[in-house]
Amino acid sequence: MTGISMGRATTLDYIEAPADTAAPTDDPKVSFTDIRQVFALPKQSKKDGSASPSAVVALDNVNLQIPEGQFVALVGASGCGKTTLMNMIAGLVKPTRGTVKVSGQPPKLPNLDVGYMFARDALLPWRSARRSVELPLEVRGWDKKRRRERADEMLDMVGLADKHTQYRNQLSQGMRQRVALARTLAADPSILLMDEPFAALDARTKLTLQAEFLRIWEAEGDKRKTVIFVTHDLDEAVLMADRVVIMLPRPGRIAEDLIVDLPRPRADHLGDVKFTPEFQEITQGLFDRLEGAISAPGAGAEVK
Ligand SMILES: Nc1ncnc2c1ncn2[C@@H]1O[C@H](COP(=O)(O)OP(=O)(O)OP(=O)(O)O)[C@@H](O)[C@H]1O
């Protein structure tokens with residue numbers, strides 16, 4: 001038995017509560033129910049005089065329950081609504097129809113229990129690494145001494161103990177992403193939204209940062225944060241996640257929802273995992289599904 005298997009995740013796996021408990025403990029951390037999202041588009045006329053679509057259906061009929069502490073990778077072609085789903089968790093987008101709940105409540109803005117990390121570091125050029133990490137703590141009203149101690153602790157954790165005073169232009173892209181990671185984790189949010197966080201890195205730096213992030217996250221044991229991780233890289237999705245959700249565009253929807261049962265902790269042997277037949281079987285299966293999904297004819301993205 002390799003400990004590696006792939007199975008279908010169902011909604012019921014996550015929301016069914018034990019019959020004898022008054023307050024269920026396995027409520028999903030994040031839930032999307034019957035989500036539809038339509039964005040209005042600016043009015044434009046085509047050259048032939050016909051009208052362009054007036055709206056785009058970014059998401060349709062999306063149902064997804066994410067239990068606390070799960071690491072979910074969202075994978076899919078450009079425009080299938082991955083970022084829109086993350087923005088709904090952050091409270092930045094309210095669905096046209098359906099219900100989003102975070103910790104059992106509608107998302108609020110600002111949601112201080114959410115950390116958001118992007119492909120590009122988005123560090124402010126006039127802030128040192130330390131002051132960049134302090135930023136979310138300032139927003140939360142931490143005093144200066146406590147902020148500084150926490151920022152230094154976080155920078156040490158991501159291997160930048162000697163870079164506290166450096167500015168953005170003095171840091172490599174990999175170092176900037178480490179600072180961004182430290183900043184995302186600094187206020188200890190229970191949900192991490194990671195939108196292609198390592199996509200802009202070279203292969204070697206990417207593997208190093210994937211392993212470092214997993215090491216930090218896996219070390220939290222049963223207090224692990226809930227992670228929603230967008231990537232176009234199937235290898236990365238399988239290496240990192242407990243579950244891979246494949247989305248389709250036009251309209252954005254969930255096509256596949258798979259549990260990746262690779263054993264944890266994985267951080268110390270990420271480079272080796274990639275070469276196991278089990279890993280390759282899983283990624284090939286996912287690749288085939290994604291290929292099929294991408295080549296399937298669109299169901300009509302636009303609304304006239
Ligand atoms: N504020 C907006 N106004 C109009 N259309 C939008 C808006 N936000 C997203 N869209 C559209 O909704 C669809 C889904 O966008 P979204 O960014 O969620 O996709 P994605 O899967 O994250 O794409 P990518 O992988 O390219 O980042 C796209 O067609 C996009 O153009």
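This is a predicted model: local features need pLDDT of at least 70, side-chain atom pairs count only at pLDDT 80 or more; totals for chains, interfaces and linings use all residues.
How are α3 and α4 oriented to each other?

## Helices α3 and α4

The axes of α3 and helix α4 (residues 144-157) cross at roughly 120°. They come within 9 Å. Angles of 65 to 115 degrees count as roughly perpendicular, and those over 145 as roughly antiparallel. α3 and α4 are therefore oblique to each other. Their crossing is right-handed.

From α3, the contact draws on A129, R130, V133, E134, L137 and E138. These meet R147, R148, R150, A151, D152, M154 and L155 of α4. By class, the contact of α3 with α4 holds 7 charged residues, 6 nonpolar and no polar ones.

## Helices α3 and α5

α3 spans residues 129-139, and α5 spans residues 173-186. The two helices pack at an angle of about 25°. Their axes are 8 Å apart. Angles under 35 degrees count as roughly parallel, and α3 and α5 are therefore roughly parallel to each other. α3 passes α5 in a right-handed crossing.

On the α3 side, the contact residues are A129, S132, V133, L135, P136 and L137. On the α5 side, they are V179, A182, R183 and A186. This contact of α3 with α5 has 8 nonpolar residues, 1 polar and 1 charged.

## Domains

The protein chain is divided into two parts. Domain 1 is made up of 6-16, 25-113 and 190-303. Domain 2 covers 125-188.

Between them, 11 residues of domain 1 are in contact with 10 residues of domain 2. On the side of domain 1 that touches domain 2, helix α6 (residues 203-218) gives the most, with 5 residues. That side of domain 1 has 9 nonpolar residues, 1 polar and 1 charged.

## Ligand shell

Which residues surround the ligand? They are F39, V56, A58, G76, S78, G79, C80, G81, K82, T83, T84 and G252. By class, the shell around the ligand splits into 7 polar, 4 nonpolar and 1 charged.

Two elements, β3 (55-67) and α2 (82-89), each supply at least two residues of this shell. The largest share, 3 residues, comes from α2.

## Backbone features

Most residues other than glycine have a negative phi, and most peptide bonds are trans. The following sites depart from that pattern.

A cis peptide bond joins R250 and P251, with omega of about -10°. P251 sits in the loop between β9 (243-248) and β10 (253-260). The ligand shell includes G252.

The peptide bond from R264 to P265 is also cis, with omega near 0°. P265 belongs to the loop between β10 and α8 (270-273).

Where is D188 found? It lies in the loop between α5 and β7 (191-195). D188 is not a glycine, yet its phi is positive, about 55°. Domain 2, at 125-188, ends with this residue.

Technical notes:
Residues are numbered from 1 along each chain as its sequence is written. A residue is near a molecule or strand if its C-beta atom, placed from the backbone, lies within 6 Å of it. Helices (H or I, at least four residues) and strands (E, at least two) are DSSP runs, numbered from the N terminus. Ala, Val, Leu, Ile, Met, Phe, Trp, Tyr, Cys and Pro count as nonpolar, Asp, Glu, Lys and Arg as charged, and the others, Gly among them, as polar. Axes are lines fitted to C-alpha atoms, for helices over the stretch in contact, and angles run from 0 to 180 degrees between N-to-C directions. A crossing is left-handed if the near helix is turned anticlockwise from the far one by less than a right angle, and right-handed if clockwise. Two residues are in contact if their C-beta atoms, placed from the backbone, lie within 7 Å. Domain bounds come from an automatic or database domain assignment.
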